[in-house]
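Please keep the sequence and the model in view while reading.

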Amino acid sequence: MSDTLCHRRTPAPLSRREFLTRTGGGFGAMALSAMLGEQSAHATAPHHAPRARAVIQLFMLGGASQCDTFDYKPALQKRSGEKVKFPVSGGTVASPGPVLGSPWEWRQHGQCGRWVSSAMPHIAHCVDDMAFLMAMHAPTSEHSAGQTMQVSGFVTPGFPTVGGWVSHAMGSASRDLPAYVALPDPVGLPWTGKAAWTNGFLPALHQGTMLNPSAENPVPDLFAPKSAQFVTPESARDGLSLLDHINRRHLASAPYDSRLEARIASYELAARMQLAVPGVLDLKGETDATRRLYGMDDKLTEPIGRNCIIARRLIERGVRFVQLWVGSGLNGGAGNWDNHNDIMPGSDFQKMCVRSDRPVAGLLHDLKSRGLLEDTVVLWTTEFGRTPYSQGSKGRDHNGNTFVSWMAGGGIKGGTTFGESDEFSYAAAVDKTMCYDQHATLLHLLGYDHTRLTFRHNGAERRLTDVHGRVISEIVS
Amino acid sequence: MPRPIILAVAAALAAQVRADDAAFFTATVEPILKQRCYKCHSHEAGKMKGGLTLDSRSGWQQGGNSGVAIVPGKLQESLLITAIRHTDRELKMPEEKLPPAEIAAIEEWVKRGAPDPRAPAKESTRQGVDEWWAVRNLAKPPVPQKFGAHPVDAFVRAKLAEHGLDLSPEADRRTLIRRLTFDLHGLPPTPAEVGAFIADHDPRAYENLVDRLLASPRYGEQWARHWLDVAHYGESNGFGMDRPRLNAWPYRDYVIRAFNDDKPYARFVQEQLAADALFPGEPALTPALGFVAAGPFNQSALAEQVDDTDCKRIALNLDRDDMVSSVAATFLSVTLHCARCHEHKFDPISQRDYYRMQAAFAGVVRGEREFDPNVARQRERERWTKIKQQLDAGEPLEKLDAPDRDHLAQATEPLRKTLLAQESAWHILDANFTSENPKTVVKRLPDGSSLFSGECGETDVYSITANVKTPNITALRLEVLADDSLPHRGPGRNPENGNLHLSEIKVSAASEDAPEKISAVKIKTAIADFSQAGWEIAKAIDGKAETAWGIHPQESRSHQAVFTFDKPLNHAAGTLLTVRLEQSHGRQHVIGRLRISTTTAADSATQKLVSPDVLVRLKSSQENSAAVQHALAPLLAEEILSAFPPAQRVWAVGGSLPPFRRYKPPKEPYPIRILARGDINRPGTEVTCGALDAVRSLTPEFALPNPKDEAARRAALAVWITDPANPLTWRSIVNRAWLWHFGRGLVETPNDFGKMGGAPTHPDLLDWLACEFRDNGGSFKKLHRLIVTSATYRQSVTADGSWRTDLSESPKTESARLLPSAATIDGDNRLLWRGTRRRLDAEQIRDALLAVSGKIDLTEGGPSAMQFGFSDPNKEVSPRIDYEGFDPDEPASNRRSVYRFIFRNVNDPLLDAFDAADPSLSVARRTSTTTALQALSLFNNRFVLRQCEHLAARLGRETEGIEKQIALAYRLLFSRVPDDDELRAVSAHAHKHGLANACRVLVNSNEFLFIP
């Protein structure tokens, strides 16, 4: 058997032993694995005992309305329709409409009695495992800046995303898969395209690998395209063998260059990825009960449900950070949580809730029942909140002043809330938090001190949290 | 440095302090300040926290980042008092509150007018400047003796000798031509070129090769790519609205041309910052201004969001931050952006430095800038633009020059006739007007129009119905008419200015004999005599409620819009016409008075439209010809303007670009204040335009005769940067050139010469090169010649430093003493004892594949090649970019990579895998990683595999027999012939799987990717 980098039909990688025999001697295995990022040990030793080993970041693209999901405000309901003077600090419309009560029913749930609206009936069952940050806020009310802020800690592009930092800190626990995987909404990419999982100035290795389960090539160039008809499994197998031969002869003339050795080995890792990726995406082994749990029996919930199962499967295989998107930025206001026009039943807002509610709740249940939730942090977030006042008559405008984010699993104290917004949920009021605090907490749970995890770039020791951030110990168990 | 005037004034002030006050200060106040404050706010301690010093009168007068510290006599307004009282949560100083008696003493002192007899501060010797190598004055160091004639080698060898090392022997000719051709052209040498060079016995063969390469346009293409990395050049906005910039490419072409023409560096810098101000007679240089605008642009925050909100102000500040940070990193190799929120932590760069440099860009916006390389034509166009503006503003014709007036007069009569003929074809409808708002009162007027009054709703929908007897209705006209009863004479009812916003017009029709069979009428085109910028008439028929037609700033006069139907309405029995005018934008942007007409004319979509007010005057017989001329002049001027060939456009910066939605240039540069912690809500002292204090050879504040002239600010900055005495500029650029030749700079951090960056490995060589470059006209080509002719550049990479045996024929016999192995002394080769093997960068890989496959298209310049599928269904978000589905045999695919269209958010996956620059930030040096995704890309990428097929076809065309074909492949790909073993192994593979599969293996080899 030999490896093939072309057709998925005949996955036949080098055996580990064969690979070692062939490549044995000539280079330091440590340096090489570091170069290729396939280390099983941490790239940076943890600063303290970790509580979690992996993260699933669920990103609600568009600015999910806290007023209609998790932030219950009696005043908002009572004074619906009244003109209240709110300052406009961002958004797209200069003059606020009247207060818009939430059209959804509100009830307390779980032991903790957390209020959740009827828009999220399944997630409502999980509140005892979740910690809510009720007074998150952002310095911007603009989509891409808000999105970039939540994923990288900066409102401007070019900085590494959280997953990149995690990859930089921990490396991958998988020998066959990258440390950081992004699962965009099957409908389309987020506002900032592939920049949403950029490595920024970290080495390219720490870029999120985009997984698109429905594409011919779920990872770009994983297999040769069908259009390349001259490629056959045999030609690829023989070709790789010949390549190895040629490269080794070349190496003999330049024995001191570890890059040349790393490149030879990179073809082996690539071959393993070709096997591993289809394995992750193949859901045949999942029971009907599990599929139902994630909503894969319903056309509406199937797309996000599938990605949620894949997220779990990636975590199981040692991927450190999965970024899962609910909402696409390529269709303007539609197909995401940017509900300027309507947050009522029957709206796009409801559609986004329905698409994600059961899959996300299913993910939490499934992780928990498999014991994975203990060391996996699930983080649900969005770029900003929405206004308690109306835009048009039924919608809400952007509002960076307050929003809700929640975390669960991996050292998070379930059933807790931290922070509070004002009486209308217009602005964060008590125990305010920002993405910096959330990122600091996340790194803390993974065993890292956010002030000490750095990377030198253009003259500065850069941190994920820049000069900000506090570990929110109130929600850590 | 020269600041005598300021010093004299300060001295005079000091002398005025009364003796008793002086005694009070010296005896009571000064000791408190010394004991409590100097620790953090004095030159002695070397600290000026918050930008404030208190050890001199000028210190507190100037104040810190939050503003003036003391307002003499005014306790409430003195921040120092607020701070020591500990009453403000944000501002408590010092940490431990002073005893009440001391607070009282300082209060007393401030009440007395803060008399301060202290001598003015010494010249602000900010700590660290003297120790900072990068700002030390440039002086040309002597070339070390006894190390040969080439100055570069002399410096390098002198350094090597300190470690008992010397240069490696020269690489062979095949290696040299390969190295040089990739370095200067980004392409492999052809087998013929390799053969010729190897066979060239001219002692100047190498120099001739260098000259030939530098003379080719391929050189500019390769070296421009380096510069574009630093400039963070991209062709889309980035952020959430990654809109394409279809006219960014003229800047890219400008850079390529600059390298090919060997433009002097100072000139190159000046043009990129201020070509418009410094070289106004050369409009062809306008594309250079693309540099400042090259970075990302947050369109949704800057153009869509509401003005004056925090969100918008932050975005504006960051927009300028991108410009100034980029300028500082590119030209000065300084991390200026670190000082946006606080004094630079490591380098003597203050917040004041940052903000005064930001002030250079306080008057610009990014956008498409029009220019005409033909100066005379450009002047004429500008003249008519100005005439048009005057006429639009209602200025009398008499103010124009006589020839222009005559020109207009002659054209008036034909236009009058056309307009009247058009007008006669319109039939005003006797219609029924209703408003959705019950409180609106509709009044019919004798001219067929209707006036809307009564309480005005925020939004409204008007319905208009009419019976039209004529068949063949081709179009509908909507006139919105000014009226004295409307706010600002209307024609809209918006109380602030009389504007209106027509969100959508919807027309439906039925035949009079079947009134229940109503069908929607499709509108094909919409034209208007005037549209507000960003609120074009087409937006009234785009099906989107959130976009609309508006008329600002041309309120107070009448306007008209013509909507041409897809198909004429033809009902023999007469047409029952219904028009719905949806005005849903809010804030009473509704129409105040309107009139509806229809026509059967065939030319309705292309008619010339003027304000209905003008038509009234044309029709009135009392109007004399002068009045008619005056009424028509603006339209005529418009026609003259449209007869000019369209101006060229480039994505650049400017101070007077047309507004783009809510993003517009300020009337005069924004005042720039130092922002405490970079927070827009904590503005401090206002700064004037300037640059870095740490560059002692130059004055940091610019003397600008008119500070409101934004272009003069950029010009002053450009002049400051390019001053021969600016040490940063010249060190910065020669270091970059060195990096681009060797893969590593003499300073390892080309964008950061600060303390956190690297120190130069060869400081004397760096300074020598900087002076040499500066004093020889800033010529890159001379610099290249100097560097690549050195033995340092020509060294072999393979040596391990134990090369003593082959030096018998080498002129460098003194190196024979080198042992033990240099590899153990300097494994990292920082001392340059051997050549460095370089991996091809992303573009070079792609271009080399095209070159060897024979598919390369060497067309120069022009609009960028979209090497991806492109669809743009929604202009409010990012377009859809598809690389995988793109056919690599499309002609666009064959252009060199420097001409590819660069989408910021969705980069080409093949190039991305090979560490292509991310244009979000300035990329000073490409990283070179090795990943599994790279292996997958090169082995499976559709473009790569297609080039393998083309290469195979080429081999088949050019020679016969597998062995010969493989040998040719080796010469094309590796510039050498294969040995027997290679030939046997690769030919066997080709025999079994075909040539294309053999090519697939060879292009994946290390030998193809790495240049020794």
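In chain B, five strands form an open sheet in the order 5-8-14-10-11, with antiparallel pairing; strands here are DSSP runs of E of at least two residues, and helices are runs of H or I of at least four residues, both numbered from the N terminus, and two strands pair if DSSP finds at least two bridges between them. This is a predicted model, in which local features need pLDDT of at least 70 and side-chain atom pairs count only at pLDDT 80 or more, while totals for chains, interfaces and linings use all residues. Residues are numbered from 1 along each chain as its sequence is written, and chains are lettered from A in the order in which they are written.

**The sheet in chain B**
- Strand 5 (432-435) and strand 11 (519-521) of chain B are at the edges with a single partner strand each, so one side of each has no neighbour in the sheet.
- From one strand to the next, the twist averages 25°, with angles taken between N-to-C directions, from 0 to 180 degrees, of lines fitted to C-alpha atoms.
- Three bridges join strand 10 (residues 504-511) of chain B to strand 11 of chain B in the antiparallel sense, and B:A509 lies opposite B:S519 of strand 11 of chain B.

- Where pLDDT is low, the predicted coordinates should not be read in detail.

**Between the chains**
- In the model, 75 residues of chain B are in contact with 75 residues of chain A.
- Helix 28 of chain B gives the most to the side of chain B that touches chain A, namely seven residues.

- Chain B has 1012 residues, of which 51% count as buried, that is, with 20 or more other C-beta atoms within 10 Å of their own.
- Leaving aside residues up to four places away in sequence, A:V322 touches residues including A:I56, A:V181 and A:L183.

Terms used. Contact = placed C-beta atoms within 7 Å. Buried ≥ 20, exposed ≤ 12 C-beta atoms within 10 Å, placed from the backbone.
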